[in-house]
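Trainee: Could you help me learn how to read aromatic contacts in a protein model? I would like the general idea and then the case at hand.

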Amino acid sequence: MHTKEDDQYVLYGGPDPTDLDRYGSLGEVIVEELRLRPANIGLIDPVTLEELSYSQILERSARLAVGLSKLGIKRTDNVAIFSQNSLEYCITMFGSIFVGAPLALLNPAYVEGELKHAIGLANPKLIFISLDVLEKLMQTLQGMADPKPRVVLCGEHPASQTRYPDLISFASLLDNSPLDLARYRPEPVDKAGQVALIVLSSGTTGLPKGVELTHQSIIATIAHSKESAKLLELPDQLVALAVTPLFHVVAGVGLLNMVTNNCRCVVMPRFDPHLFLSCIQKYGVNLMTLVPPLMVFLAKHPMVDEYDLSSLMTLFCGAAPLSKEIEDQVRERLGVAFIRQGYGMSETTLGVLMQDGYENKAGSVGKVRMGQWVKVIDPETGRALGPNQRGELCFKGSLIMKGYVGKEQAIDADGWLHTGDIAYYDDDKEFFIVDRIKELIKYKGFQVPPAELEAILLEHPKISDAAVIGVPDERAGELPLAFVVKEYGEQLSEQEVKDFVASRVSEQKRLYGGVRFIDEIPKTASGKILRRQLRDLVKHTKSKL
């Protein structure tokens, strides 16, 4: 329970910008932005080389919205997309938002059980898919009860007409009746209550939850970007590379943010190292939002030296901690002016803490953003804590989700979202993330943050990636165990790794659980470590002994 005494330790980012308040929906914001610069190229597919101008994006998205309406899709009906990145994916996002129907973003890597869960959560009336997931989706739907969603296929498939006659082609859904684009305007909605996107959380500790993001929360993050741009001297049009999957909040909401802030967006279908680097070189990419594994790639892979990446101005990094060593290596290797870390989660729309200065403190994820309140609480008592005291991070404000699909209230009675992350802020009101509450290792009563040990391991020149978990121990409670991926061709022993860590940490943080060498650290698409898979690996190994 929040009390008046706690108010002294609540930090506020100042009021939200009001420039976009006059619009009745997120769809209206997008339409007006697309109208401002009709000739500018807005979307590029680097594989097919197709380019869409802002006016073409507006026309296709509006025609899709009309087509959806004629299919009977209303703002009370959910739709979903289960697809690799593509230009059709982008148009589907815009068209669904224009018609006001909540759009669920599903991971195309889902296997049947995960897909059933996601479809059950989203309950879509219509689902858009790419060619590569057609058979997987159809097989999954066969095992589900009626009514089943109708399926829209983006692209042609040799079996689509004969095996699945009920498939709707994406092209046929683009209504071709006369459309006055100059007068086209999406209907207003209850911005604070109407859901625009349903983003499925990464599910690192269990099955994903459906996070409901409203028109208002996405408009707020667009307004924040516009406000930041006013303070910078930018080229006429920035070039951004969408390299991470659009089903993830960083990329999906990021795309909406970029298109409404006059960016030319190069949309990669999936990650390929050569395509990634050649896109930066060919299109003169200025801006990217990356996850730590891609930062490690830029810092260490020899292939990077074969490309001209001098156009890069700003790299944003989020979704998981980025070590200072990797940040410094990327900055030195590429000469990038700005590398900015932030903190956010699906439940906070985009970054809710963000670095904004030229010189950023090592390990900091910045200060609280406009329109948001933040506090750090004692997990046991719930009382707010002052500077330099570790506790659970809590937020409220315009970026916070409406809630979870079909779940009990996720926000507490006083309006605070409890993140489950341990953090502290310093005397300059900059925040530092320590670890997840559930992931802290309890060694003889001491709390050991895995992220701290992982950052140290990544400093070793022979280690390319690492993860740390706690393994049960009768005497100590839990012992820190490291999983290590060696740099290609390097020789490294368990004792060397243990000694390296021991020389840099206090006694209780040493790797008493040992070191295991593996080929790859299991991670989500956004770069979060899947510790549960590592724990299963430990259990499986023990059962075989």
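Trainee: Are Phe276 and Phe297 buried or exposed?

Mentor: Both Phe276 and Phe297 are buried; buried means under 20% relative accessible area, exposed over 50% and partly exposed in between, with a 1.4 Å probe and protein chains only. This is a predicted model, where local features need pLDDT of at least 70, side-chain atom pairs count only at pLDDT 80 or more, and totals for chains, interfaces and linings use all residues. Residues are numbered from 1 along each chain as its sequence is written, and side-chain values use heavy atoms, with hydrogens and water left out.

Trainee: How many aromatic pairs does the structure hold?

Mentor: A pair of aromatic rings is described by the distance of the centres and the angle of the planes. Rings of Phe, Tyr and Trp (its six-membered ring) pair if their centres lie within 6.5 Å; planes under 30 degrees apart count as stacked, over 60 as edge-to-face and the rest as tilted. The structure holds 10 such pairs. In one of them, the ring centres of Tyr12 and Trp373 are 4.5 Å apart with planes at 15°, so this pair is stacked.

Trainee: How exposed are Tyr12 and Trp373?

Mentor: Tyr12 is partly exposed, at 41% relative accessible area, and Trp373 is partly exposed too, at 32%. Phe276 and Phe297 form a tilted pair, 6.1 Å centre to centre and 55° between the planes.
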